[in-house]
Each structure stands twice: as C-alpha cells, then as structure tokens.
Amino acid sequence: MSKRMAKIIAGLVVLSALAACEHREAAYTGPGWYLEKPRPVVTLGPQIFKGPFTYEQCEIERQKLPPSVDNLICNRELAPPGPLGGS
C-alpha cells in the first residue's frame, strides 16, 4: 500500500471517530413542524434549527432566510428524531 493511500485511510478513520463523538443538543421540545437541515451522513440525524411551528409558520420562517441558505426543510416531528432522522 502506498503512503498516500495510508494517509487517506488514516484521515477517514479520524473523521469517522470525530463524527461518532459529536455532541448534539436536543432541539426537540414537542410535536410539531421543525425547520431542519438533513445531513449528508444519515447516521448523524437531522440538524434542527427552529420549532415547533404549525406548517404555515414553518414555511414563513424558511422563506425569511437568505437565498444563500439552502436545503432547509419543514419536517413534522411527532417524537424526538432518532439517529436516522425518524423516531
């Protein structure tokens, strides 16, 4: 194995270890619609920004954000989201 490949593998191991140790605060406060950003790595779960709202309130909050902020969605959460985004 080349030195370059060994460095790549070591980097991936370090990144996965850091992701496993990530501290996430619980932003869920009750059932409702939450403004959240899905994460590219499913096991990290969604990142919740605001909520709970009604659907209409959530859409208004989403539209208040600048156009440069993308991928935010309004998602209905009936229970605290688990590691895969669902309850």
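Reader: What makes a residue buried, exposed or partly exposed?

Author: The label rests on relative accessible area: under 20% is buried, over 50% is exposed, and partly exposed lies in between. The model here is predicted.

Reader: Why is lysine 50 called partly exposed?

Author: Its relative accessible area is 38%. That value falls between the 20% and 50% cut-offs, so lysine 50 is partly exposed.

Reader: Why does glutamate 61 count as buried?

Author: Glutamate 61 has 16% relative accessibility. Buried means under 20%, so the label holds.

Reader: How do you know that lysine 50 forms a salt bridge with glutamate 61?

Author: Their closest N and O atoms are 3.1 Å apart. The cut-off is 4 Å, so the pair qualifies. This bridge links distant parts of the chain. Lysine 50 sits in strand β2 (residues 47-53), and glutamate 61 in helix α2, eleven residues apart.

Reader: What makes Lys50, Glu61 and Lys64 a network?

Author: Salt bridges link these residues. Lysine 64 also pairs with glutamate 61, with the closest N and O atoms 3.1 Å apart. Both of these lie in helix α2, about one turn apart.

Reader: Why is lysine 64 called exposed?

Author: Lysine 64 has a relative accessible area of 59%. Exposed means over 50%, so it qualifies.

Reader: What separates arginine 62 and glutamate 59 along helix α2?

Author: About one helical turn, because they are three residues apart. Their side chains meet in a salt bridge at 2.7 Å, N to O. Arginine 62 is partly exposed, at 32%. Glutamate 59 is buried, at 16%.

Reader: How do you know that cysteine 58 is buried?

Author: Cysteine 58 shows 0% relative accessibility. The limit is under 20%, so cysteine 58 is buried. This residue is found in helix α2 (residues 55-64). Cysteine 58 touches Trp33, Tyr34, Leu35, Phe53 and Cys74, leaving aside residues up to four places away in sequence.

Reader: Which residues make up the largest nonpolar core?

Author: Leu35, Phe53, Cys58, Leu72 and Cys74. A nonpolar core needs buried residues joined through side-chain atoms within 4.5 Å.

Reader: Which side chain of opposite charge is nearest to glutamate 77, and how far away is it?

Author: Arginine 76, at 9.3 Å. A salt bridge needs nitrogen and oxygen within 4 Å, so arginine 76 is out of range. Glutamate 77 is buried yet has no salt bridge. The side chain of glutamate 77 does make a polar contact with the side chain of asparagine 75, at 3.3 Å. Glutamate 77 lies in strand β3 (residues 73-77).

Terms used:
Residues numbered from 1 in each chain as written. Predicted model: local features only at pLDDT ≥ 70, side-chain atom pairs only at ≥ 80, totals over all residues. Heavy atoms only, no water. Buried < 20%, exposed > 50% of the residue type's maximum accessible area, 1.4 Å probe, protein only. Helix = DSSP H or I, 4+ residues; strand = E, 2+ residues; numbered from the N terminus. Lys, Arg positive; Asp, Glu negative; His and termini not counted. Polar contact = N/O pair within 3.5 Å; in protein donor to acceptor, adjacent residues only side chain to side chain. Contact = heavy atoms within 4.5 Å.
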